[in-house]
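Me: I am new to this structure and would like to learn how to read it. Can you take me through it feature by feature?

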Amino acid sequence: MRRGLLVICAALLLAPAAGAASLLPLTTRLANALAVPGNLTAASGAVAIDLTTGRTLFARHADLSLAPASNEKLTVSYTALRELGTTYRFRTEVFAVGRQDGAVWHGNVFLKGFGDPTLTSLQLDELATQISQLGIAHITGRVLGDESWFDSVRTAPGWKSSYYINECPPLSALVVDRARYDRHVAVQPALAAAGAFRRLLRTHGVTARAAALGRAPDAALALAQVESESLPLVLADMDRESDNFAAEMLLKVIGAEVGEGGTTAAGAAIARRDLTAAGVPLRGVRIVDGSGLSLSDRLTARALATLLVAVWNDVDLRNPFWASLPIAGINGTLEDRLRSPPARGAVRAKTGTTDRASALSGYVRDRFGFAILQNGFPVSTWSARKAQDRFATALAASP
């Protein structure tokens, strides 16, 4: 009996303290949320903004230039939606040079990629079906993989050597099944794609002499085409799962479609241009790749928060951008975080994790936009995520 009374008394003593904490100003609660041992305050930045008024509610080291990890993908998502549009689909085409004589195609056939990060063998099979339906049963020439829409650089600037293949397959305008070919990752993905296409043609009764690399002439005849899902669906997969490969491919596509060519640098230039046009402050910002793997990437909490507000105020971009973000406690990289109310389902945010950076930026309902960047050498992942989750929860608990 006495033990029960003690428990009740202890609960009564603690209740006012918890209630008092909830009455603290939001600014104080956000500052307290970040106070997690193991975080380097001098190497962290955080901002929270009221989406209704545009007023900055909290800012700490908002202009500190920090490595963003995968929060870099937010800049790519925005630029892609802005430049390519919500109806954009990646395409892959088959071209040919020569002539058809009955069931024989006299000449070469080209499988040309246009940077689809989601291209699979199933889509190649559809292309093979289309070729067979043209009545072609034999190709006297070769099946040539054309990756000329991009440059030939397989990685992005500033990557650690270990990132190649381990964190991202080789980059190419023509990559099938993320470069998986005969149970390994092909270092020449376009050649592997041509080989896979030749095999699939054979299953549809179409034979060809060999597979190799080549570039389709401008005057080549278009024979077949497949397309990806629409851009918002590709972005949803990319951002929810933090797909480095998709982000890097997409940055090159942006460069190829609206920039100076299919290069990482060309895509990054367009991203910087669009951020400037959106009013995002670029002091301390360096966009070097699309995934955030580059050791040279830099963002600020203010730049990210300003970008989130700009997206929110854009009626055309808000919904697809919002829908691409992981949902707290439900899916993507936030499936196992923020699993309890009030944060569960209320927070949509992009995570970011490397050995030097941890980040979380996004929205809390339709009420707040926030950005948190934390660096260290190495960064304490547990401490950083603890602070991020507490910060987001404090916002979610606010009316």
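Reply: Start with a term. A salt bridge is a side-chain nitrogen of Lys or Arg within 4 Å of a carboxyl oxygen of Asp or Glu. Now the ground rules. This is a predicted model, where local features need pLDDT of at least 70, side-chain atom pairs count only at pLDDT 80 or more, and totals for chains, interfaces and linings use all residues. Residues are numbered from 1 along each chain as its sequence is written, and side-chain values use heavy atoms, with hydrogens and water left out.

Me: How many salt bridges does a search of the whole structure find?

Reply: The general idea: side chains of opposite charge can pair when their charged atoms come close. Here the search finds 13 salt bridges. One of them joins the side chains of Glu147 and Arg154, at 2.9 Å from N to O.

Me: Are Glu147 and Arg154 buried or exposed?

Reply: Buried means under 20% relative accessible area, exposed over 50%, and partly exposed in between (1.4 Å probe, protein chains only). Glu147 has 14%, so Glu147 is buried. Arg154 has 17%, so Arg154 counts as buried too.

Me: Where do Asp389 and Arg337 lie?

Reply: Their side chains meet in a salt bridge of 2.7 Å, N to O. Asp389 lies in helix H11 (residues 381-396) and Arg337 in the loop between helix H10 (318-324) and strand S12 (347-353), so this pair ties together parts 52 residues apart in sequence. Asp389 is buried, with a relative accessible area of 17%. Arg337 is buried as well, at 9%. Salt bridges can also share partners: Glu83, Arg273 and Asp274 are joined that way into one network.

Me: What does Asp274 touch?

Reply: Contact means heavy atoms within 4.5 Å. Asp274 sits in helix H8 (residues 264-277) and is buried at 6%. Leaving out residues up to four places away in sequence, Asp274 touches Tyr78, Thr79, Arg82 and Glu83.

Me: Let us turn to sheets. What is the strand order of the open sheet of five strands?

Reply: Strands of a sheet pair through backbone hydrogen bonds, either parallel or antiparallel. Two strands count as paired if DSSP finds at least two bridges between them. The order here is S2-S1-S14-S13-S12, with antiparallel pairing. Strand S2 (56-60) and S12 stand at the edges with a single partner strand each, so one side of each is left without a neighbour in the sheet.

Me: How many bridges join S12 to S13, and how many join S13 to S14?

Reply: S12 and strand S13 (residues 357-364) pair in the antiparallel sense over seven bridges. Thr353 has Ser358 in S13 as its bridge partner, and Val347 has Val364. S12 and S13 form a hairpin with three residues between them. S13 and S14 run antiparallel and are joined by eight bridges. Ala359 has Leu373 in S14 as its partner. S13 is mostly covered, with eight of its eight residues buried.

Me: On to helices. Which residues of helix H2 are buried?

Reply: An α-helix has 3.6 residues a turn, so residues three or four places apart point the same way. In H2 (residues 26-34), the buried residues are Leu26, Arg29, Leu30, Ala33 and Leu34. Seen down the axis of H2, they fall within an arc of 135° (taken over the directions from the helix axis to the C-beta atoms), so they line one face of the helix.

How values were computed: Helices (H or I, at least four residues) and strands (E, at least two) are DSSP runs, numbered from the N terminus.
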